[in-house]
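This briefing covers aromatic ring pairs, charges over rings and a metal site. The sequence and structure come first.

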Amino acid sequence: MVGFDLNPVYELIIDDLVNHKYAISDHFFSDEEVRILRNHLLLKQEQENFKKAAIGKLFNEQVIKEVRGDFILWMEEEKADEVEQLFFAKINDLIAYLNRTCYLGICESEFHYAIYPEGTFYQRHLDVFQNDNRRTLSLVFYLNDENWQADYGGELALFLEGDNGQQSELKIQPLAGRMALFDSKTIEHEVKKVKQQRYSITGWLKTR
Ligand code: OGA
Ligand code: MN
């Protein structure tokens, strides 16, 4: 028999993705890993230029303050340092598992650090571009510290459609170590206004 070990954490994620088109995985990164990744993000913020995030791609690119207020820095896997290698090792393991078990055909991925300063948000949107629909799964990793409070805002809201066609809004708190995954092509979502600086890594798994 050609087999491989079932990974219970990944199996839960896959179950939820298949049934609901989204999944939440708490403690995907340990407290220690979150601390290391957050410190790394803060170091990057000092050393490199986070850019005001834009909307759309290439000639469509615009910076519209009213739509999103976060600052981002793209990660470069080829140039990953030790800390980022830790991140990509976990991601690539997940991707390999998804491809092996769900035949998702993920052949590319892209990730950026994101900082939402106090008072910023990201209005309701879809993660696919008009001129590029290769994004298949959206992933968000929250790097806030363990003391993140519910009244800090900054929830990720997913706009879901029930079997009866009824719309509902699911609010997900950006808790340390949590990973949120959702279908890039169908799930509209937004980031609620934050009352405290909010840290994350956001990325996309892409097909050809
Ligand atoms: C995005 C996005 C969600 C989040 O960057 O496209 O929707 O919770 N992020 O940060
Ligand atoms: Mn998005």
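How many aromatic pairs does the rule give? The count is 13 aromatic pairs, where rings of Phe, Tyr and Trp (its six-membered ring) pair if their centres lie within 6.5 Å, and planes under 30 degrees apart count as stacked, over 60 as edge-to-face and the rest as tilted. This is a predicted model, in which local features need pLDDT of at least 70 and side-chain atom pairs count only at pLDDT 80 or more, while totals for chains, interfaces and linings use all residues. Residues are numbered from 1 along each chain as its sequence is written, chains are lettered from A and ligands numbered from 1 in the order in which they are written, and side-chain values use heavy atoms, with hydrogens and water left out.

**Aromatic pairs**

- Phe87 and Phe141 form an edge-to-face pair, because their ring centres are 5.3 Å apart and their planes stand at 85°.
- This pair links distant parts of the chain, with Phe87 in helix α3 (residues 82-102) and Phe141 in strand β6 (residues 135-142), 54 residues apart; helices (H or I, at least four residues) and strands (E, at least two) are DSSP runs, numbered from the N terminus.
- Phe87 has a relative accessible area of 0% and is therefore buried, where buried means under 20% relative accessible area, exposed over 50% and partly exposed in between (1.4 Å probe, protein chains only).
- Phe141 is also buried, at 1% relative accessibility.
- Phe88 and Phe111 make an edge-to-face aromatic pair, with 6.0 Å from centre to centre and 75° between the planes.
- Phe88 in helix α3 and Phe111 in strand β4 (residues 108-116) are 23 residues apart, and their pair links distant parts of the chain.
- Phe88 is buried at 5% relative accessibility, and Phe111 is buried at 2%.
- Phe28, Phe29, Phe87, Phe88, Phe111 and Phe141 are linked into a cluster by ring pairs.

**Charges over rings**

- Lys52 lies over the face of Phe71, 5.9 Å from the ring centre; a charge sits over a ring if NZ of Lys or CZ of Arg is within 6 Å of the ring centre and within 35 degrees of the ring normal.
- Arg135 lies over the face of Trp204, at 3.5 Å from the ring centre.

**Manganese site**

- His125 (NE2), Asp127 (OD) and His189 (NE2) coordinate the manganese ion (ligand 2) at 2.1 to 2.2 Å.
- Donors are N, O and S atoms within 2.8 Å of the metal (3.2 Å for Na, K and Ca), and water is not among the atoms, so sites may look incomplete.
- The donor residues of the manganese ion (ligand 2) have the sequence spacing H-x1-D-x61-H.
- His125 is buried at 12% relative accessibility, and Asp127 is buried at 7%.
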